[in-house]
Amino acid sequence: MQRVMLRAKLHRATVTEADLHYEGSCGIDEDLMDAADMREFEHIDLYNVNNGERFSTYIIKAPRGSGTISLNGAAARKAQIGDLLIICTYAPMSEDQARDHKPKVVLLGEGNRIQEVRKF
């Protein structure tokens with residue numbers, strides 16, 4: 001049996017841009033992607049702390065060091081600039097892998113700057 005486990009998350013990312021007319025996706029600063037071990041075109045689930053919306057899309061790269069978190073296409077309707085998001089990736093794991101797995105959590109502060117990186 002396989003379990004789908006939290007692999008990584010960006011915690012309390014602030015939406016900096018929203019473009020309804022851009023092809024759907026979520027732009028994430030490359031520094032944040034690296035810190036959370038996320039990849040371009042990877043599936044992500046997003047949870048809006050401000051309004052409770054939960055939605056999925058995929059990652060595109062935003063400029064390194066920019067602090068950008070952009071919602072594009074239909075995702076732009078799920079949050080407003082300034083809203084806080086939790087952005088998660090998940091992975092299937094065997095029972096043995098899941099038993100010892102520790103997700104990577106990147107805690108963000110003002111300007112989407114990294115405050116702390118944890119492995120639980």
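Predicted model: local features only at pLDDT ≥ 70, side-chain atom pairs only at ≥ 80, totals over all residues.
Modeller: A polar contact is a pair of N or O atoms within 3.5 Å, of which, within protein, one must be able to donate a hydrogen and the other to accept it.

Colleague: What does the side chain of Asn48 reach at 2.7 Å?

Modeller: The side chain of Asn48 reaches the backbone nitrogen of Asn50, at 2.7 Å, and the limit for such a pair is 3.5 Å.

Colleague: What makes the pairing of Asn48 with the side chain of Asp83 a polar contact?

Modeller: The two side chains make their polar contact at 3.0 Å, and a pair of N or O atoms has to be within 3.5 Å to count.

Colleague: Why is Asn48 called buried?

Modeller: The relative accessible area of Asn48 is 3%, and buried means under 20%, so Asn48 is called buried. The residue lies in strand β4, which covers residues 43-48. Leaving aside neighbours within four places in sequence, Asn48 is in contact with Glu53, Lys78, Ala79, Asp83, Leu84 and Leu85.

Colleague: Why is Ile86 called buried?

Modeller: For Ile86 the relative accessible area is 17%, and because the word buried applies under 20%, Ile86 is called buried.

Colleague: Where does Ile86 lie, and in which strand?

Modeller: Ile86 has its place in strand β7, made up of residues 84-94. The C-alpha atoms of Ile86 and Tyr47 are separated by 5.1 Å, although the two are 39 residues apart along the chain. Beyond neighbours within four places in sequence, the residues in contact with Ile86 include Lys9, Leu10, His11, Arg12 and Tyr47.

Colleague: How many helices and strands does the chain have, and what pattern does the chain follow?

Modeller: The secondary structure comes to two helices and nine strands, and read along the sequence the pattern is β-β-β-α-β-β-β-β-α-β-β.

Colleague: Why is the chain called as compact as a globular protein of that length?

Modeller: The radius of gyration of the chain is 14 Å, close to the 14 Å that the globule rule gives for 120 residues, so the chain is as compact as a globular protein of that length. Along its principal axes the C-alpha trace spans about 45 × 30 × 25 Å. Of the 120 residues, 45% count as buried, and among contacts with a separation of 6 or more, 76% are accounted for by residues 24 or more positions apart.

Terms used:
Residues numbered from 1 in each chain as written. Heavy atoms only, no water. Helix = DSSP H or I, 4+ residues; strand = E, 2+ residues; numbered from the N terminus. Buried < 20%, exposed > 50% of the residue type's maximum accessible area, 1.4 Å probe, protein only. Contact = heavy atoms within 4.5 Å. Rg over C-alpha atoms; globule rule 2.2 N^0.38 Å.
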